[in-house]
Amino acid sequence: MFSLSELWKITGGQLILLFFAFVLMFVDLYCFQKDAPEKRMNKMGWLAVIGILAALGHVVYREWDLTQVVFMGVFSMEKYTAFLVVTTLIAGLIATLIGIGYAQNNQIIRTEYFTLSIFGLYGAVAMLQSIDLLMMFIALEIMSIAVYVLAGFLKKDQRSQEGALKYFLLGSFGSAFFLFGVVLLYGVSGSVNLSQIAKVIAAEPLNRPEILVAMAMIMAGLFFKMALVPFHMWTPDVYEGSPSAVTGYMATVVKAVAFGAFVKVFFVIFTPLLAGSGEPIFQGVSSLSALSVYWKPVVWWIALLTMFFGNLIAVSQQNVKRMLAYSSVAHAGYMALGILADNGEGRMAILFYLLAYTFMNLGAFGVLYVIDGKERQAQELEDYRGLAYVRPGLAFLMSLFLVSMAGLPPTVGFIAKFYLFAAIIKEGYFLLAALGILTSAIGAYYYLRVIYMLYMKEPAHEVVPGRVNLATYLAIIIAAISVLYLGILPSNVAKLADVAQSTLSFVF
Amino acid sequence: MNGLQLTYVTFMPLLGVIPILFISQKGEAGKALIKWVSFVTSLLVFAASLRLYAGFDPSNPNFQFVELAPWIPAYGISYHMGMDGLAFWLVMLTTFLTPITILSTWNAIEKRVKEFHVAMLFLETAMLGTFLAIDVFLFYIFWELLLIPMYLIIGVWGGERRIYAAIKFFLFTAVGSLLMLVCIIGLVYFHKETTGILTFNLLELYGTKLPHIYELLFFAAFALAFAIKVPMFPLHTWLPDAHVEAPTAGSVILAGILLKMGTYGFMRFAMPLFPAGSEYFTPLIITLSVIGIIYGALVAMVQPDIKKLVAYSSVSHLGYCMLGLYALTPQAVEGSILQMINHGISTSALFLLVGVVYERRHTRLISEYGGIARIMPIYATIFLIITLSSIGLPSTNGFIGEFLILLGTFKVYKAAAVLAASGVILGAVYMLWMVQRVFYGEVTNPKNLTLKDMTCREVIYMLPLLVMVFWIGLYPNFFLNKMHVSVNKFIAQTKVERYKGPHCPVQHASLEMNQAAAHGQVAGH
């Protein structure tokens, strides 16, 4: 039965975010009017940080141990969701901290920036929590629209505008595909609730064309958000055009949400084992055994192509930000391995990788914007020449994040990749593992190219990196410490991720 | 008492890094302080490793000073360190060479001193860890950890084409080792299938039953990773580039220690983990080793650049090491390990010596020199001694190693041994010819007339190497008896059947010894 206290208990994180989003809007209207605009922006940023921290606190302390459905079977909370929510909130937190400094460097004095990023986070959390396809779609749109606007936040910059429009148009297509899939499933089962659908589908012959088409549609829609080849075409332009702080936000939050939702939808709906017996007996069992003949070959190729394309095209990029965009495509490809593995280790590896990716990617974007100063001032590889001797700290941190992305020890990137490859090798995909790991050697090449620019070239012209804002400092340091800590002692967090993935089905 | 000895030795260099990070390198005083801190740290590491020497029991074939702590228990990964007779001298070599290397860079590295010493100390930790790790995952971490500092050392402080060389070095090594990672994981899961235990512990992984095809595949992947590092013909092409472009210190570490990690990898991992795969590929590896010996020597002969000559001579010398390992007789394997040490000493010494003239003249072309024996007599003497050691003159270290390898190989692969012996002659040809052109005759180039002889510092860091040349050459048993039992255990693990057959009593005896060692190992568990 519906009860407010239950609702608050389970979706408190979301509600806090929603509340703060509105608070920010009103504060913007009525408070701090006498402050200088920059100072006001700063205050709003810290307010947003407080909001995210409050939500994070609620999730960690009150929602972590729950295993419950609420709000007429729309939202659920279990450790799997909680882990992803924490990941996205951390991503949002770091991105907002970076955003404070970014706004200052780029003279962005519109406080909607923070309102929008909190709305986006709200959408992300809602989507992760929802077990109802319609709610999922709505939340997806809430998140996406906020991000579309954020992408175009540099009003006078054409690249930013172009990116935003491109993202909006193509993103709408992606969402439409997702919606089509939902509609077809509704047609088959008469419900939009994940577990209801699963029960109905279990009784049907699995290769009914509607079900297969629905599966393909949902795959296409979510693959678009994950930026897997061949649905990645928007990524480089959008990532390059958007403000750097937003790019980091997009690359981490949206990716975490899309992967989280994908695993959940596929795990629950297309898992006849569960629906037949009503019990989570499939834990540790290959979940999609019946349908896997249809989707596994597809994901096999998509993962391979994504890793290859992402890494190969990144090699030829001269712009560091664009290179990171392609590299984020490649990282999505690695995570797709976890989907393909389709076992507990694979899901655990995805969760761990998302968290790891949050730290290393946002860290890299944080340093990137600091070096950049004002957007697009110093993003080319050439601008990084010899920077290590002008700003040793920044150069070291950049190298750390890039080494982590390249997957070298003792950073978290290595451990995260190790988990993914271990999961897939366990299922016997030796060829894909070998090919995939070779692409990470290609990856190492372009990441190291940045490092040699930083360390091995003499400075060509005077680069004046932007001032490092306190908030940015904080964000980058948090990211760097996490990258090292998780790289050396991954065990505790990996255990949490493992517990989290094992609860995936408990509430249904 | 030997609770954490290996950890101390391995991570002590990192302790030295911490103060260095806080010393400003602006001004001469700061730079000097950084150098001293780094040098003293490396000396302390050497002292700590002497404690290992004192505590090492040469009659025990198992791992000693073992440290075991769970690290990632969900995957059966642990922090597992240990040292046996195979690794013992390599560890000592590492701690011994590092202070010498650091001392040699005193004046050669003038820019970015702080970064250089941080990289060096970091490198030392990674190298020691590689030799000491028993957990396969831990080994892999150390193995990869090494890439970044070495990449930086070549790329930042190297010569003209340093970036090309650094990236080539990195990519060659990374590609090989990444495939190895896939196979490590594969091996672990096969092990889990047969025994139900998920573990990365090397000792438990030994003897995993694999389907034949996977055994071959996995061996091939491991062998590729290690063969690139050794480097074996035809995967050696990164080596001359890396050596020529690297600063002297980089070359010394590269030749002295890094290459040994390849042969060590064969010895510790590839061969005992996949004995059948190893046997299958034996003819190929023996052939490639012999080709490497002769090819390396022939190419070295025509090099106009002294450093490149020494680099190609490494290809040749490491060919001996591989040949000895694959002959799998006790003499050959012991000779092979000794040859690794020898190569670490004499080739490092050669690189250091090349560095000495390079610092003065900034050229390494043989044609630029000539007749400098008269101008730099001390230098010429030391150079000649090291040359003789490198070509294996009796009473120097090189002779013992090559002799043991050839002796051991001759018992099993006569043709290979005969061909490899011709490499000894070729070695004498290219080295002595180079010495003749550089040191003897008239002084043809007037720039050489003003060359200063070796300074006190330079002589000091060469002295320990000279002592080692004769110590190993005159009393090899001191070194060999630390490895006897471990080598026997290694041979027993890798292949027992090969020694079957009554026609050879000597080998029969060694079989019994091996079996005894194998029993000892079982009892030891």
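## How much of chain A is buried

In this predicted model, buried residues account for 63% of the 508 residues in chain A. The chain is built with 19 helices and 2 strands.

What about its overall size? The C-alpha trace of chain A spans about 70 × 55 × 40 Å along its principal axes. A compact globule of 508 residues would have a radius of gyration near 23 Å, and the 22 Å of chain A agrees with that.

## Chain B as a whole

Now for the partner. Chain B has 21 helices and 2 strands, and 60% of its 525 residues count as buried. Its C-alpha trace spans about 70 × 55 × 40 Å along the principal axes. For 525 residues, a compact globule would have a radius of gyration near 24 Å; chain B comes out at 22 Å, which agrees.

Among contacts between residues at least 6 apart, 79% join residues at least 24 apart.

## Where the two chains meet

At the meeting point, 29 residues of chain B are in contact with 26 residues of chain A. On the chain B side, β1 (64-72), α5 (136-145), α6 (147-157) and α7 (162-195) each supply at least two residues. The largest share comes from α7(B), with 15 residues.

What kinds of residue make up the side of chain B that touches chain A? They divide into 25 nonpolar, 2 polar and 2 charged.

## The pair of strands in chain B

Look next for β1(B) and β2(B), which run antiparallel and are joined by 6 bridges. Across the pair, B:A69 stands opposite B:Y79 in β2(B). The hairpin has 4 residues between the strands, and B:G76 takes a positive phi near 65° there.

Strand β2 covers residues 77-83 of chain B and is mostly covered, as 5 of its 7 residues are buried.

Helix α3 of chain B runs over residues 85-104. Its 20 residues reach 29 Å from the first C-alpha to the last, close to the 28 Å expected at 1.5 Å a residue. Because 20 of the 20 residues of α3(B) are buried, this helix is largely enclosed by the rest of the structure.

Helix α16 of chain B (residues 397-412) has 16 residues and reaches 24 Å, close to the expected 22 Å. Its buried residues include B:F399, B:I400, B:L404, B:I405 and B:L406. Which helices do the buried residues of α16(B) pack against? They pack against α13 (306-327), α14 (330-361), α15 (377-391), α17 (414-439) and α18 (456-474) of chain B.

## A closer look at B:S348

To finish, zoom in on one residue. B:S348 is found in helix α14 of chain B. Is B:S348 buried or exposed? With 27 other C-beta atoms within 10 Å, B:S348 is buried.

Leaving aside neighbours within four places in sequence, B:S348 is in contact with B:L97, B:V252, B:A255, B:G256 and B:L465. As for B:F63, it lies 285 residues from B:S348 in sequence and 28 Å from it in space, C-alpha to C-alpha.

Definitions and conventions. Residues are numbered from 1 along each chain as its sequence is written. Chains are lettered from A and ligands numbered from 1 in the order in which they are written. This is a predicted model: local features need pLDDT of at least 70, side-chain atom pairs count only at pLDDT 80 or more; totals for chains, interfaces and linings use all residues. Two residues are in contact if their C-beta atoms, placed from the backbone, lie within 7 Å. Ala, Val, Leu, Ile, Met, Phe, Trp, Tyr, Cys and Pro count as nonpolar, Asp, Glu, Lys and Arg as charged, and the others, Gly among them, as polar. The expected span of a helix is 1.5 Å times one less than its number of residues. A residue is buried if 20 or more other C-beta atoms lie within 10 Å of its own, exposed if 12 or fewer, and partly exposed in between; C-beta atoms are placed from the backbone. Two strands pair if DSSP finds at least two bridges between them. The radius of gyration is taken over C-alpha atoms; the globule rule is 2.2 Å times the number of residues to the power 0.38.
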